[in-house]
Amino acid sequence: MPAVRGWYELMPVKRTDKTPMPQRDATDRAQDFDEVNEGYCFAHAMFEAERCLRCQDPVCMEGCPVRIPISDFVHAIAAGDLPRAASILRTANPLPAICGRVCPQESQCELKCHMAKRFGPVAVGHLERFVADWERSQPLGESPPPPWQSARIAVVGSGPAGLVCAGQLARQGYPVTVYEALHAPGGVLRYGIPEFRLPNAILDWEIDALKRLGVEFINNVIIGKTIALDDLFDRHGFSAVFIGTGAGLPKFLGIPGENLNGVYSANEFLTRINLMQAFQFPEADTPLKVGKRVAVIGSGNTAMDAVRSARRMGAEQALVVYRRSEAEMTARVEEYHHAIEEGVKFHWLTNPVEVIGDDDGWVTGLKSLRMELGEPDESGRARPVPIEGSEFVFPVDNVVLSIGTTPNPLLAKTTPGLATHSWGGLVVDEQKGETSRRRVYAGGDAVTGAATVILAAGAGKSAAEAIHQDLSAGL
Amino acid sequence: MTITDYDRDRGLVTIVVQEVGVTTRYLGALDEGDEILDIVGPLGEAPQFEPGGHVIGVGGGYGAAALLCLMRERKQQGDRTTIIVGARQKDLLILVDELREVCDNLELCTDDGSTGFKGLVTERLQQLIDGDQSERPDYVLAIGPMPMMRAVADTTRTTGIATQASLDPLMIDGTGMCGGCRVTIGGEVKFACVDGPFFDAHQVDFDEAVQRSKMYVKEEALAACRRSEGGMS
């Protein structure tokens, strides 16, 4: 390792370790919905950027689904050139402030980092967030020119795929209209991810930036119901449509008692809190009933969001129940650690089999079975097998199901000729993202099933390129 | 609250609102010429009947309003249409003249007999089923409070008359995203927002539906109370 010199010596960490993210005290933060991570200061960022080995072969980039030139932007930080770092980042990923906060870096860029082989990886996510937050603090430049292309584009859904597609097309000069079914834009970034992980102010800034580019947002319109997809072409005069409707349909387990009062899908639970501000009830009009003991079923990021929200809504005991083991958990490791710090208890290898209720139909318990790991199943993960006679009951007041979502069939059902896979995902041409309908493109969870923000952003970006090419070529 | 009428050419939607909670009180506090941000819809699926039969629409409370455009459409499709609406007393019946216009036969029921048939809508329905063969319905459509729809379902259950109930459970987005509006129909879980609102009334698990509708009774009262104290600004 190079000798530590100058102000670096003042840093409270070893250069071999990832510079920790400053974060709020766990007891304090579990009382409110304000952001947990406080972000690097300039010194943290410089120090962390200097940890990058400047590899000849920057493999970190291979781990990135949208191939951000990570080493370039990290070197720009190390050189103190934040405008350049911001420009490199934003060219490759239009949503850096969001991805820096929600990407599973440990299984992407940071997994590949050569530093990770012996020490902690370079904190690519924290640096991405730092640069994007710095950019947001800068004064806005001159207003961009108004759209100059004649072909108008409609974007259906304002989640990450839609936002990125709209932004890329607007930069190419296209007038873009984004239709959103709910009353506020952002899709899963708004209704799904809580403010303690992704503050609404950041999302609002990104949306305002798109508005400055000339993108028009129309809320409360359900394409497929309010306006048929064909009418977007025939009556509204759009030349191309991008579908980024996500995977918004919650799955249920199908176990007895699932319709008891106090059982929620994670979607309902989080939407009431994030979109409808139920944590402010009765100042806000939408309530959410959270008891003293809440069990969340599942192990993904949404499960972590739900269980940590339950703590913040006043649950004294918040538990995660998952039929597989810790090794098969799908959440970001940071969220898992935050959840533990906030007092969430994890029950691995525990399979819920029935929700138990009282005479009034309210949840009183979650009957579960202990599991052990058997042979690998079709997903390659060890199959959990029930241990006979291990049945027991968690006494709980709420059960939140966070076992995945599938694409919403509403648009496909009402649009002739829009092909879907049997599981509901839209069929697209892999290169262009074009669906079975001409000039109708799609990307994000609506195509892949529930995945990550960065993959959706990447799909939105490549679809925008395909739309531009097809329209330019008059195809 | 329900849609009662629409006019596609003029871009009009008419809604009928009974002030019971926060949102309906917001609406009730509006003056002529005031605006609301948006109205989203129509969502869900239209009720499916084979045309050409005798349809009886049974409505209670705001359900009478919901029957207006539905029964007019049935009549335009060539159905013979009867509407049965009920209330405690005569002056609580709504849209009587409008309903009379859109059907072949309007039956009024009041608990006190102040007009029409004295008794419940289901009692009148039973009479029509038991009476002259020509009065017997081929389809029954029930829209109104849960106990009324359940009673209609019980009335027709053994008769083999196809009966649909319009369910309006609590829901957030209306697009299938939250699953809060799940109802059990013949042992299968359905979302009322996208699969409904019309379901085979004989298959509906009314116990569960009633229980789920009470989930936020306390909070609804608290919110409504807060709003009336603080004004509707």
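User: What should I know about the numbering and the model before we start?

Analyst: Residues are numbered from 1 along each chain as its sequence is written, while chains are lettered from A and ligands numbered from 1 in the order in which they are written. This is a predicted model, in which local features need pLDDT of at least 70 and side-chain atom pairs count only at pLDDT 80 or more, whereas totals for chains, interfaces and linings use all residues, and side-chain values use heavy atoms, with hydrogens and water left out.

User: Why is H126(A) called buried?

Analyst: Buried means under 20% relative accessible area, exposed means over 50%, and partly exposed lies in between, with a 1.4 Å probe and protein chains only. H126(A) has 12% relative accessibility and therefore counts as buried. This residue belongs to helix α8 (residues 124-137) of chain A, where helices (H or I, at least four residues) and strands (E, at least two) are DSSP runs numbered from the N terminus. Leaving aside residues up to four places away in sequence, H126(A) touches K18(A), T19(A), M21(A), Y40(A) and E334(A), contact being defined as heavy atoms within 4.5 Å.

User: How do you know that the buried residues of α4(B) are on the same side of the helix?

Analyst: In helix α4 (residues 121-130) of chain B the buried residues are V121(B), T122(B), R124(B), L125(B), L128(B) and I129(B). Because they cover an arc of only 160 degrees around the axis, they are on the same side of α4(B); the arc is that of the directions from the helix axis to the C-beta atoms. Among the elements that cover these residues are β3 (54-60), β5 (105-110) and α5 (146-156) of chain B.

User: What makes the buried residues of α7(B) line one face?

Analyst: Helix α7 (residues 206-213) of chain B has F206(B), E208(B), A209(B) and R212(B) as its buried residues. Seen down the axis of α7(B), they fall within an arc of 160 degrees, so they line one face of the helix. Their cover includes α5, β8 (162-166) and β9 (182-185) of chain B.

User: What is the extent of the contact between chain A and chain B?

Analyst: In this model 36 residues of chain A are in contact with 33 residues of chain B. The two chains bury about 3,000 Å² between them, 56% of it on carbon and sulfur atoms, where buried area is the accessible area (1.4 Å probe) that two parts lose on being put together, summed over both. K225(A), N259(A) and D285(A) supply 21% of the area that chain A buries against chain B, more than any other three residues.

User: Why is R67(A) called partly exposed, and what is its phi?

Analyst: R67(A) has 46% relative accessibility and so counts as partly exposed. Its phi is positive, about 50 degrees, although R67(A) is not a glycine. Most residues other than glycine have a negative phi, and most peptide bonds are trans. R67(A) lies in the loop between α2 (42-50) and α3 (70-78) of chain A.

User: Which residues does a cis peptide bond join in chain A, and which in chain B?

Analyst: In chain A a cis peptide bond joins F281(A) and P282(A), with omega about 10 degrees, and P282(A) is in the loop between α13 (266-274) and β7 (293-297) of chain A. In chain B a cis peptide bond joins G41(B) and P42(B), with omega about 0 degrees.
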